[in-house]
Amino acid sequence: MRIAAIALGTTLALAGPVSLAQAAPLDNEPLAAFTANARAAQQAFAAPAAWAAGTRAYLVITAPGDTTAVRNAVAANGGSVFSSFDAIGVVVAHSTSASFATTMRGVAGVQKVGATRTSDVPADAYNPALPANPAQSAAPTTEPVRSDMTQIKADQAWAVNPGSATVKVGILDTGVDDQHQDLAPNFNAADSVSCAYGKADTRAGAWRDVDQHGTHVAGTVAAAKNGKGAIGVAPGVKISSVRIAEPGSTLFFAENTICGLVWAGDHGFKVTNNSYYTDPWQFNCPNNLDQAAILEGVGRAQAYADGKGSLQVAAAGNSNVDLANKTTDSSSPNDSTPVSRTITNDCLDIPAELPGVVTVAANGTSGTSKASFSNYGRDVIEVSAPGESVYSTVPGGKYSSLSGTSMASPHVAGVAALLASANPAYTPADLRAKLGEHATDLACPSDARCTGTTAKNSFFGEGRVDALKAVGGSTPPPGKYFENLTDVTVPDNTTVESAITVSGVTGNAPATLKVGVDIKHTYIGDLKVDLIAPDGSVYNLHNRTGSGTDNIVQTYTVNASSEVANGVWKLRVSDNASADTGKIDAWNLTF
């Protein structure tokens, strides 16, 4: 896959809904032909004694239940069974035979067979190395409330319900650094696993990050409210890591996704976050035999998890394309040589475009725009959330700002976890409905690509999620709002100021004055940022922390109750080093 996230200043990538019927299982029925009460056994089988060049992975699809006959047929026709998911009728097979798929399609009881990749299975699959356990940096001593959290009212929700420790959220991703000081308090090792290569690896630490993406996502969902670094949307819930990315490539193949979704269903995850698409095909088309098997296998796994009570939340992708009007795909397969191909709306970005999955678009930093990279689509996008310049945890006790629909999706997963905390009896369908019902409506901008109404459109779905409504809270009357959008350059070793004139406010400023700051800079450890009151009093907001992190985009709360509200307030920014520069992009005050 190409992960749905970017470090600021680099290129983007990522993921998006299918109709599954629910019916009694028959040998010739597809996807939804199994019940949620089927025996949830994942069986692992001995892999070949040694890896061989040319080994490819296949999904062999049969009726849910006892897969013994099909497993025997795999062995009899030049393959080996790597793993099996009897509850959904999916066998993961390996073979070096170029005719394996064709031969297996002729076996009685086999419904579909498809290669899951266009490259060899890595040798690591037979003896996986444990990911590194990185040394941890010193913990920050501050924990400012960021603008992404205020946009979805998470900061207000925490005072009502920060989330229940009985609610488990699965992070299906590149892994999670469970030792990070902001994640360790909420990490659930007992239900964490690696599903790389399509077989559960329960060794301690197998779940750790082979990149940084999963750790960043985890922090957005549930970084602890502990005075250090960052706060997640639902800082009281538990997070489990289900690593489905393979080391080196960081690709998420179908067998890995299937393993992860079945694991989620069997381990009681109320919500999962899926900030990826299933590699190597950005879109899987049902008229291709390999991709049809991928659609079937991953679709069955999602339906199984849903039936077990797990809601899947997924990123819509970062290609700025209309998912409701697909025409071409030029980025697949991404594990070998991509080719340009014509596609239709039958070709799906999975898991995001599977039925029952909440498909998430990204808002820009304003909270009311579509992020430039975000995919969109009428009746495809469910809701939106902040996805630009999102500050969160990365491995080694560190923090970073990333952008992508990958960053938007965990905001929604966090709100879903708050909903589940406040309403333990809610089903996945209930959670999905309430996310849209509670969302803040966002009107289309002046952009012909955005179609629909303010209540529901192709850019934002039913709107930007609302954490406060999720926990049953109500929004206090808004204070007066003042903003300065004029750019002010911040050169090296220089102090600059930007002013806002406040008028019409009675008495003093509040004890909870909100100071929204958007500073674009390539090394925020150079910066000291102060709020200057009309009488010259100085309130420090940021003092040379964050090292080489890009950009300060967050909202600070200042006790300015001793200050007369009306007058000229200033944002003072001092650059204290050479080599990195930036600008004050915008800032605001809310009284």
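Trainee: Which residue in E9 does Gly170 stand opposite?

Mentor: Ser240. Keep in mind that this is a predicted model. The strands involved are E7, residues 168-173, and E9, residues 238-243, and they pair in the parallel sense over six bridges.

Trainee: OK, and what order do the strands of the open sheet come in?

Mentor: The order is E8-E9-E7-E10-E11-E14-E15, seven strands with parallel pairing.

Trainee: Why is one side of E8 and of E15 left without a neighbour in the sheet?

Mentor: Strand E8 (193-194) and strand E15 (383-386) are at the edges and have a single partner strand each, so there's no neighbour in the sheet on one side.

Trainee: What about helices? Which strands does H5 lie across?

Mentor: H5, residues 213-222, lies across E7, E9 and E10, and runs at about 155 degrees to E7. Helix H8 (residues 405-422) packs on the sheet too, touching E7, E10, E11, E14 and E15. Its direction makes about 125 degrees with that of E14.

Trainee: Switching to H7: is it mostly covered or mostly open?

Mentor: Mostly covered, with 15 of its 19 residues buried.

Trainee: Which residue caps its N-terminal end?

Mentor: Asn288 does, through a side-chain oxygen 3.0 Å from the backbone nitrogen of Asp290.

Key: Residues numbered from 1 in each chain as written. Predicted model: local features only at pLDDT ≥ 70, side-chain atom pairs only at ≥ 80, totals over all residues. Heavy atoms only, no water. Pairing = 2+ DSSP bridges. Helix = DSSP H or I, 4+ residues; strand = E, 2+ residues; numbered from the N terminus. Contact = heavy atoms within 4.5 Å. Axes fitted to C-alpha atoms, helices over the stretch in contact; angles between N-to-C directions. Buried < 20%, exposed > 50% of the residue type's maximum accessible area, 1.4 Å probe, protein only. Polar contact = N/O pair within 3.5 Å; in protein donor to acceptor, adjacent residues only side chain to side chain.
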